[in-house]
Amino acid sequence: MAANLVNLEAVEKVYGTRALLDGISLGVNEGDRIGVVGRNGDGKTTLIRILAKLEEADKGRVTHAGGLHLGVLTQHDSLDPAATIRHEVIGDLADHEWAGSAKIRDVLTGLFGGLDLPGFADGLDTVIGPLSGGERRRIALAKLLIADQDMIVLDEPTNHLDVEGISWLASHLQQRRSALVCVTHDRWFLDQVCTRMWDVQRGVVHEYEGGYSDYVFARAERERIAATEEVKRQNLMRKELAWLRRGAPARTSKPRFRIEAANELIADVPPPRDSAELMKFASSRLGKTVFDLENVSIQAGPKELIKHLTWQLGPGDRIGLVGVNGAGKTSLLRALAEAAATDGEKQPAGGKVVVGKTVKLAYLSQEVGELDPAKRVLEAVQQIRDRVDLGKGREMTAGQLCEKFGFTKEKQWTPVGDLSGGERRRLQILRLLMDEPNVLFLDEPTNDLDIETLTQLEDLLDGWPGSMIVISHDRYFVERTTDKVYALLGDRALRMLPRGLDEYLERRQRVIEAAAPAAAPAAAPAAGAPAQKSAADARAAKKELQKIERRLDRISEQEAKLHAQIAEKATDFEAVAKLDAGLRELAGERDELELRWLELAEDA
């Protein structure tokens, strides 16, 4: 049976008049991989901070197992700005020591693209102070993952990672033996990594077995049982459930409830998108031409990002655009947006962009645009339009659309200046949709949005008739909202990927392997010299050494406890004899482990 590492008993936490956590009792055991989900502001971060003892609960008790090695990635790092990356991540290890560690090499390559940290001017000797928030976060994550932990707690670990970085992190965490508690809005990541889910809702935490897809099924079943038929039919989760069951093969292999119940729940739900109908409607709104690119080249300063690109964005096309950082994804969208804003007068460095006469473009950039902080939320939306036509006869008022995006009637009268970053992002998307565009460019639209808001946005986009390009590191969102994936792989060309993001990761891996220098052949040993151990033998020896060291630490703790018990029961000779026998047994095990440690030290 797995040992318990952390326990929460009847924990309560109140902010002002609002109970974020109300009598929560939870536990984390060895080997657990738990994903934490819920709306922004419902207490996810508070829960894990209390769990890690970074914050005190108002009531209840938090218990950690004795000698627990706990690592925490918070939303704000505690790195020393005067220190170098080497000092924070690797510490005092000599180059030959850290370079000989498979774990350190894997972490540095996975998070930074190479042992020499190619994205940093001075590599490992780069000073942390001037770095961006995203760069600092990667450094904090690397520092955490290199250390040996019994349990790690991660708050939004995928922020500032690209598709490759997220894929690597998921693979790395799958292979770690540490217990994991993770808050993230990345649903693909939750599906890959987690085996249990905690859903934080209005002060209560609901537990579910399985990853995100299993959680969607199980939560929908719980709500099906608890809700009336009409409320159930209006639940947005049913549409996502339909997509999970129909739109993406092998999303989940082991639902934790009856398949019949799932099928009954979605029996009358149409497919997420009727692509043919939307294409027809988009053509009537846009005509034949949206954006035609002829021999286009795009530059950023002296660097040529895209060369001789001939491509067409047609009516109703829903494109996911992925690629390495700096390959030109955002630059391509900006070039198209500038051509549209100037009726084709402003053109890129080379070639020609032809813009359709009926194109009405809305461009959601990564930066949250300036909004009048004194205006109320509803006023900021009504400033664009009072009502919006969503196509196919669907129409919504500004207030209805606000509610769909999580702005309750009370929240609609909140000044914009009092909104959080995620709420401002939601408002920015709202204002774009209210303007009734027929072409959408979305550059990292999922930043700062919680899962419920993401599903609401996806639901709106499902029936939105127009052309769309999405740049996102959120793999789930790209697969959910687009029909084709194109990639910029850093070679100045745009390629269509028939197999989507799986193909993109395979192509990137081939590029990385081709660029890696061939391993130098091992030097022949000198005459009479002992044969060198293989790299695999050395790795195995280091792994066993670490295991032995952890066991020796536990033996020391057990011996200390036994000595304390002997002192307490000094007059009980029978009890002392049993405790002494236990001490001798531990001493024998210690001797054997120390001998084995000496043998392995030479191999390692």
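Predicted model: local features only at pLDDT ≥ 70, side-chain atom pairs only at ≥ 80, totals over all residues.
**Two packed helices**

- Two packed helices are described by the angle between their axes and the distance between the axes.
- On the α4 side, the residues in contact are Asp 106, Val 107, Gly 110 and Leu 111.
- They meet Gly 165, Trp 168 and His 172 of α6.

**Aromatic pairs**

- How many aromatic pairs are there? The count is seven, taking rings whose centres lie within 6.5 Å.
- One of them joins Phe 291 and Phe 441, with 5.8 Å from centre to centre.
- The planes of these two rings are 35° apart, and the pair is tilted.
- Phe 291 sits in strand β10 (residues 291–300), while Phe 441 sits in strand β17 (residues 439–443).
- The pair therefore ties together parts that are 150 residues apart in sequence.
- Are Phe 291 and Phe 441 buried or exposed? Both Phe 291 and Phe 441 are buried.
- Trp 311 and Tyr 486 have ring centres 5.4 Å apart.
- Their planes stand at 65°, so this pair is edge-to-face.
- Trp 311 belongs to strand β11 (residues 303–313), and Tyr 486 belongs to strand β19 (residues 484–488).
- This pair links distant parts of the chain, 175 residues apart.
- Trp 311 has 13% relative accessibility, so Trp 311 counts as buried.
- Tyr 486 has 12%, so Tyr 486 counts as buried too.
- Ring pairs also link four tyrosines into a cluster: Tyr 208, Tyr 212, Tyr 215 and Tyr 476.

- Where is Phe 407? Phe 407 is in the loop between α15 (398–404) and α16 (421–434).
- Its relative accessibility is 0%, so Phe 407 counts as buried.
- Arg 426 lies over the face of the Phe 407 ring, 5.2 Å from the ring centre.
- Leaving aside residues up to four places away in sequence, Phe 407 touches several residues, including Cys 402, Gln 412, Leu 419 and Glu 423.
- Arg 426, Leu 427 and Leu 430 are also among the residues that Phe 407 touches.
- Val 377 is another contact of Phe 407.
- Val 377 and Phe 407 are 30 residues apart in sequence, and their C-alpha atoms are 8.2 Å apart in space.

**A polar contact at Thr 481**

- Thr 481 lies in helix α18, which covers residues 475–481.
- A polar atom of the Thr 481 side chain lies 2.8 Å from the backbone oxygen of Phe 477.
- The relative accessible area of Thr 481 is 0%, so Thr 481 is buried.

**Positive phi without glycine**

- Ala 10 is not a glycine, yet its phi is positive, at about 50°.
- Ala 10 has its place in strand β1 (residues 4–15).
- Its relative accessible area is 41%, so Ala 10 is partly exposed.
- Arg 202 is not a glycine either, and its phi is positive at about 50°.
- Arg 202 lies in the loop between β8 (196–201) and β9 (204–209).
- At 68% relative accessibility, Arg 202 is exposed.

Notes: Residues numbered from 1 in each chain as written. Heavy atoms only, no water. Phe/Tyr/Trp six-rings, centres within 6.5 Å; stacked < 30°, edge-to-face > 60°. Helix = DSSP H or I, 4+ residues; strand = E, 2+ residues; numbered from the N terminus. Buried < 20%, exposed > 50% of the residue type's maximum accessible area, 1.4 Å probe, protein only. Lys NZ or Arg CZ within 6 Å of the ring centre and 35° of its normal. Polar contact = N/O pair within 3.5 Å; in protein donor to acceptor, adjacent residues only side chain to side chain. Contact = heavy atoms within 4.5 Å.
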